[in-house]
Amino acid sequence: MEIKIKDLNELSTYAYQSLCEAVKIDDDTVRCVACIAALTGEEPQAVWQLKVREIGELANAMRKIIAKPIDFDGIKPRKMQELDLNGVRYRLICDSVADMPMCAYVDFQNYIKDGMSIDCLPQVISCFYVPEGKEYGEGYDIEDTIDAIGNFLTIKDAYSTGFFLFGKLLQYRKAMQLYLRWQARIAEKQLKRKQKTTPINGRQ
């Protein structure tokens, strides 16, 4: 088992969500295992089967990656005409409310009814991208599209693409950027702070 990414920008959207949840765990060892699982893409059960020495090596690699947080300030909203995710091409169907299918707009409103967060990025982006040759919600499973975005679109690209769409459709891009950036920074600071006191890393 190894951590293949060199920095957090390379994490898939789902993996980054998992990492943000992992840093909230109070128990040092459980938190360490959950973070390693998020960074390696393995199930936590598989990480628990590793030897203590192996966990320590992965924890050291994890600390180096966490030490370089995502530069959300440097990520600019970007329009992507298509997404190529796991061999499937998805096309952008609209970038304005006027051109948005009503069924997609209703789904979009439902996804954000409890407020915007990193957790709903895949769902929101799925309202604007459909498999090549399809119309929104017809001839394909929207849940499959959501999972493809979550599993194969990096958090950096999801953040960039998502905020381009938010800016076009919601007219409060700046406020939402500040909110999600704050949310992500809090999670990363929690992880770095807790890693300093994780016994398995040899620190108290």
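Visitor: Is Glu-57 buried, partly exposed or exposed?
Guide: Glu-57 is partly exposed, because its relative accessible area is 48%. Buried means under 20% relative accessible area, exposed means over 50%, and partly exposed is in between (1.4 Å probe, protein chains only). Keep in mind that this is a predicted model, where local features need pLDDT of at least 70, side-chain atom pairs count only at pLDDT 80 or more, and totals for chains, interfaces and linings use all residues. Residues are numbered from 1 along each chain as its sequence is written, and side-chain values use heavy atoms, with hydrogens and water left out.

Visitor: Which residue forms a salt bridge with Glu-57?
Guide: Arg-53 does, with the closest N and O atoms 3.7 Å apart. A salt bridge here is a side-chain nitrogen of Lys or Arg within 4 Å of a carboxyl oxygen of Asp or Glu. Arg-53 counts as exposed, at 52% relative accessibility.

Visitor: Where do those two sit?
Guide: Both are in helix α4 (residues 52–66), and since they are four residues apart there, about one helical turn separates them. Helices are DSSP runs (H or I, at least four residues), strands are too (E, at least two), and they're numbered from the N terminus.

Visitor: How many salt bridges does the count come to?
Guide: Six. Among them, Lys-24 pairs with Glu-21 at 3.1 Å between the closest N and O atoms, and Arg-89 meets Glu-82 at 3.6 Å, N to O. Arg-89 is partly exposed at 43%, and Glu-82 is partly exposed at 41%.

Visitor: New topic: how many aromatic pairs are there?
Guide: The count comes to one. It's Phe-108 with Phe-128: their ring centres are 5.7 Å apart and their planes are at 70 degrees, so the pair is edge-to-face. For the rule, rings of Phe, Tyr and Trp (its six-membered ring) pair if their centres lie within 6.5 Å; planes under 30 degrees apart are stacked, over 60 edge-to-face, and the rest tilted.

Visitor: Where in the chain are Phe-108 and Phe-128?
Guide: Phe-108 is in helix α5, while Phe-128 is in the loop between α6 (121–125) and β3 (129–131), 20 residues apart. Phe-108 counts as buried at 1% relative accessibility, and Phe-128 does at 0%.

Visitor: What about helix α1, how many of its residues are buried?
Guide: Seven of the ten residues of α1 (residues 13–22) are buried, so this helix is largely enclosed by the rest of the structure. The buried ones include Tyr-16, Leu-19 and Cys-20.
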